[in-house]
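Please read this briefing alongside the sequence and the coordinates.

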Amino acid sequence: MSELSQNLNYYQEFEKQLKIVDKESGISGRKPTLLLQACCCPCSSHCLEVLTSHFDVTVFFYNPNIDEVAEFQKRLDELYRFTKEADFALDVKVVEGPYEPEVFYEMAKGREDLPERGERCYDCYELRLRKTAEYGLEHGFDYFSTTLSISPYKVARWINEIGMKLEEELRASSKDGQREITFLFSDFKKKNGYKRSIELSEEYGLYRQDYCGCVFSKRDRDLKKGNID
């Protein structure tokens with residue numbers, strides 16, 4: 001990535017995009033479509049609260065990093081419940097991506113002992129965002145993004161750099177040169193976004209997990225708690 005992209009204020013870029021989106025919506029009379037990769041319901045809650053007034057949102061639940069089927073299903077079920085209960089999310093659609101942990105483990109091979117927020121995590125962000133961007137382009141979405149940046153444990157700069165790169169790649173590889181999908185910048189933790197996600201989790205009684213989903217994050221959590229040697 002260029003030095004310019006590294007110095008961007010991604011929340012300000014997000015706000016600039018929203019102004020453009022709202023202006024175009026006012027002219028066309030329709031909200032643009034957004035495919036939003038979601039890691040879990042608590043992280044999605046505030047993101048949807050912000051985004052649904054600007055976009056026709058579809059949540060894309062693609063998380064091959066999640067270590068167990070039961071955990072995968074529990075997070076997905078909470079998303080479905082939330083979109084039926086929260087007034088601002090009633091029109092949100094949910095698309096279930098495939099559960100394919102073998103893809104994650106292949107990506108992580110040889111890097112199992114790296115700490116969180118390291119190289120393995122960067123590639124995990126890219127794995128999930130790439131699937132989102134490709135699905136979004138194939139199904140005619142205008143924008144794609146992710147809820148990941150709401151977490152204080154995720155590196156927002158990496159997430160946005162990956163999104164920018166994928167937008168460029170897909171535009172360059174488009175067979176007819178016409179289909180495009182735009183990456184929506186994000187740093188949803190800004191302006192108390194993470195705090196608001198906790199408040200919404202409490203309001204709706206959401207299952208709020210204490211690890212990112214992968215077996216390595218669970219291992220590190222248990223080490224900190226002293227549950228394993």
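The points below are grouped by topic, after a note on the model.

This is a predicted model, in which local features need pLDDT of at least 70 and side-chain atom pairs count only at pLDDT 80 or more, while totals for chains, interfaces and linings use all residues. Residues are numbered from 1 along each chain as its sequence is written, and side-chain values use heavy atoms, with hydrogens and water left out.

**Sheet**

- Five strands, in the order β3-β2-β1-β4-β5, form an open sheet with parallel pairing, where helices (H or I, at least four residues) and strands (E, at least two) are DSSP runs numbered from the N terminus, and two strands pair if DSSP finds at least two bridges between them.

**Strands β2 and β3**

- Four bridges join strand β2 (residues 56–61) to strand β3 (residues 93–96) in the parallel sense.
- Phe60 has Val95 of β3 as its bridge partner, and Val59 stands opposite Val94 in β3.

**Largest pocket**

- The largest pocket holds about 540 Å³ of space, a pocket being an open set of points on a 1 Å grid over the protein atoms alone, with protein on both sides within 12 Å along at least five of seven lines, and lining residues having an atom within 4 Å of a point.
- Its lining has 23 residues, and Ser151, Tyr153, Asp210, Tyr211 and Cys212 lie nearest the centre.
- Both α3 (41–51) and α9 (215–225) supply at least two lining residues, and α9 gives the largest share, four residues.

**Largest cavity**

- There is one cavity of 30 Å³ or more, a cavity being a set of grid points where a 1.4 Å probe fits but cannot get out.
- The largest cavity contains about 110 Å³ of space, and of its 13 lining residues Arg120, Cys121, Cys124, Cys212 and Cys214 are the closest to its centre.
- The elements giving two or more residues to this lining are α6 and α9, and α6 gives the most, with five residues.

Definitions and conventions:
Grid points are joined across faces, edges and corners, and a volume is the space filled by probe spheres set on the points.
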